Protein chains: 2
Amino acid sequence: MKKAKLQDIADRAGVARSTVDRALHGRSRVNVETRDKILRIARELDYHPDLRGRALKMSSSFLVGMVVPNITQSFYADVVQGTEEYLEKAGYGLMLCNIIGEECTPRYVSMLERHQVDGIISCAEVKHGWNNGLRELASKGFPAVMINFRVDGVDGPVVFVNQRKGGYLAAMRLIEAGHRRIMFLGGSHDYLNDERLWGYKSAMDEAGIPVSPEFIVSMGDWTTDEFDAKVGPLLKDKSTAPTAAFAVYDMAAFRLISWLRGRDIQVPHNFSVVGFDDLPSLTWFAPCLTTVKQKKKEMGYAAAELLIKRLGGEELKDVLLDVELVERDTIAPPDCL
Amino acid sequence: MKKAKLQDIADRAGVARSTVDRALHGRSRVNVETRDKILRIARELDYHPDLRGRALKMSSSFLVGMVVPNITQSFYADVVQGTEEYLEKAGYGLMLCNIIGEECTPRYVSMLERHQVDGIISCAEVKHGWNNGLRELASKGFPAVMINFRVDGVDGPVVFVNQRKGGYLAAMRLIEAGHRRIMFLGGSHDYLNDERLWGYKSAMDEAGIPVSPEFIVSMGDWTTDEFDAKVGPLLKDKSTAPTAAFAVYDMAAFRLISWLRGRDIQVPHNFSVVGFDDLPSLTWFAPCLTTVKQKKKEMGYAAAELLIKRLGGEELKDVLLDVELVERDTIAPPDCL
DNA sequence: CTGAAAGCGCTAACAG
DNA sequence: CTGTTAGCGCTTTCAG
């Protein structure tokens, strides 16, 4: 069956294209009978408006660009799923831009521009070269919504997650379990790391526990060697060693647990751990990680909602999503008691 | 800066739109000087052709629809990544269709049609309701490429994976380790399950080991209760119990390992396991799973290549991708010896 | 080698 | 309430 167009319906119904258009959209009054006739014919012909024509006329492509560093990481996949769900309901297509590496940024900028997407949702990382690309597109007038943090110079709402609260909850839970020597196992000092660290510190402060700088460790490549070098020494003297850790990501928590296991330190029996993310795949394994859950799908959903409403002319504020602690099996009272 | 269009360049260069077009595409001869001038101006104006106009004229949207059941599952994310990579290089955008549940099929069919995608890559599951949607679109002339299996009535190349070989390799590896009572831990009898089962049987045949029907288990929801009911009885009598299992998916293998651990059966010490998939997240945990690796990213890449070449007029055959066994830590000689 | 003109499918302003 | 017309940005004849 050949693709039906507006004209085909018009011909069959014996009316003009514009009448068909009106009947289909219902914006303007159309004679009820002709309208019904038109709708019937449209259904018979299985008519679907060609968005390319409409896009040209209405200067809207009904396409939204979604930029992530790596869809392969479960976190981003969840966010994308949320965005896609909202966009689909709203009648927009999601163009996926999987920015691997700095050098591809200009190609994606060009692609987004050529397709004239109606807006861009950016869920990249702070340090990532893509940020320049986003700035460029934003300066050309592409509406943008950011996830997790604001890219300097890009105007548009941001979907934030209460990272500080997450860090606070994690540390406080460990404190409540009786721990006082609590390590912060972090990565490089980027936005997420430091916000969560801030939360950790605020919990320690509140409990009146001084934070020893050597308990704040900053990992690079998370290898066994690095653990040996950076965490190993802390564990030498049992009377001063940390009895628990708040790991800045679930992945980090798991690396730590594996490494500890290699040294015959069992979690949670000899050492307690809290993570951050709530990655679903990590619940398949014992011990199930106690962690701070961030609602990844909702992050994507909220971003899409912000963007589409903004396209509709609403002025919107940033969103701050809540987090919660999910209790599982990696916290116990300190081993030293 | 306002978006530059063809006319803007033409105005500045003092030539006609069509000349600019020719200069930009290089298809037809253009005076070298004017061409250079045009190219220079285009660069100054940071010109990116608007695909909506081109799409209309050339009846091509430079958009490919990619359909997966759930991007959240690591397997699909990897496939999508491969597809996206190829498409981006080829200058096509990837429209992601995350088909969750049957009822959304018509909406996605309509969306793909309205956007007039140039083709569709379908990586859904056999039993999924989407297959009807794909049939409908294919019958309307949308070129399709399928991954993993052919949808009846849809004409187009398929990217296959050598499932049978995978099943064979897995079972044979267990046999070589000395196992004879080997369980096939499968799911419902769909295409993937049965192909892998076929491979398992062929290895058993080749080794002259009769396949006991009760060793072919077919799980539904993979709960502990179901394991207790379906696998528990097999393990009662140590002299007839299986000493190893080939699990149809990595996930299944992990469920099994956890369940066994709950019964104080340690892998690989008391029981050997091989999986199928090679999910990356599963390598973080001990014991690391010995498994059949399928090249997920290449599957997506190959599908995109097939589609784009087909759009270019080439007639293409199905592709069969190889698998390989990756040796890790879940196989040992049978415990009973 | 270059310009003029038509038209892809749709919408909207204007007339009737 | 409905038809006519123009035009979104691009490509592609067809003349010159």
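Author: Please bear in mind that this is a predicted model. Chain B is superposed on chain A by a rotation of 180° with 0.0 Å of shift along its axis, at an RMSD of 0.1 Å. That is the relation of a two-fold axis. Within chain B, the C-alpha nearest this axis belongs to B:Met95, at 2.4 Å. Both copies use the same surface, since 100% of the contact residues of chain B recur in chain A.

Reader: How many residues does each chain bring to the contact, and what area is buried between the chains?

Author: Chain B gives 55 residues and chain A gives 55 residues. The area buried between them is about 4800 Å², and carbon and sulfur atoms give 58% of that area. Three residues, B:Arg52, B:Arg114 and B:Trp284, supply 16% of what chain B buries against chain A, more than any other three residues.

Reader: Which salt bridges and polar contacts cross this interface?

Author: Four salt bridges are found between chain B and chain A. A:Glu88 forms a salt bridge with B:Arg107, and their closest N and O atoms are 2.9 Å apart. Between the two chains, 26 residue pairs are in polar contact. Several elements of chain B each supply at least two residues of the side that touches chain A, among them helix 5 (74-90), strand 2 (93-98) and helix 6 (105-114). Salt bridges may also join into a network, as they do for A:Asp46, B:Glu113, B:Glu136 and B:Lys140.

Reader: How many salt bridges does the structure hold over all chains, and which parts does the pair of A:Asp318 and A:Arg150 tie together?

Author: Over all chains there are 34 salt bridges. A:Asp318 and A:Arg150 form a salt bridge whose closest N and O atoms are 3.6 Å apart. A:Asp318 lies in the loop between helix 12 (296-311) and strand 11 (319-321) of chain A, and A:Arg150 in the loop between strand 4 (144-147) and strand 5 (158-161), so the pair ties together parts that are 168 residues apart in sequence. A:Asp318 counts as partly exposed at 37% relative accessibility, and A:Arg150 counts as partly exposed at 36%.

In chain B, B:Glu85 forms a salt bridge with B:Lys297, with the closest N and O atoms 2.9 Å apart. This pair links helix 5 to helix 12 (residues 296-311) of chain B, the two residues being 212 residues apart.

Reader: What is a disulfide, and how many does this structure hold?

Author: A disulfide is a covalent bond between the sulfur atoms of two cysteines. The structure holds zero disulfides over all chains. For A:Cys123, the nearest cysteine sulfur is that of A:Cys97, 13 Å away, whereas a disulfide requires the two sulfur atoms to be within 2.5 Å. A:Cys123 is buried, at 1% relative accessibility. A:Cys288 is likewise in no disulfide, and the nearest cysteine sulfur, that of B:Cys288, is 18 Å away.

Reader: Is B:Ser122 buried or exposed, and what does B:Ser122 touch?

Author: B:Ser122 belongs to strand 3 (residues 119-122) of chain B and counts as buried because its relative accessibility is 4%, under the limit of 20%. Beyond residues up to four places away in sequence, B:Ser122 touches residues including B:Val67, B:Trp130 and B:Ile147.

Definitions and conventions:
Residues are numbered from 1 along each chain as its sequence is written. Chains are lettered from A and ligands numbered from 1 in the order in which they are written. This is a predicted model: local features need pLDDT of at least 70, side-chain atom pairs count only at pLDDT 80 or more; totals for chains, interfaces and linings use all residues. Side-chain values use heavy atoms; hydrogens and water are left out. Copies are superposed by least squares on the C-alpha atoms of residues with pLDDT of at least 70 in both. Contact means heavy atoms within 4.5 Å. Buried means under 20% relative accessible area, exposed over 50%, partly exposed in between (1.4 Å probe, protein chains only). Buried area is the accessible area (1.4 Å probe) that two parts lose on being put together, summed over both. A salt bridge is a side-chain nitrogen of Lys or Arg within 4 Å of a carboxyl oxygen of Asp or Glu. A polar contact is a pair of N or O atoms within 3.5 Å; within protein, one must be able to donate a hydrogen and the other to accept it, and residues adjacent in sequence count only if both atoms are side-chain atoms. Helices (H or I, at least four residues) and strands (E, at least two) are DSSP runs, numbered from the N terminus.
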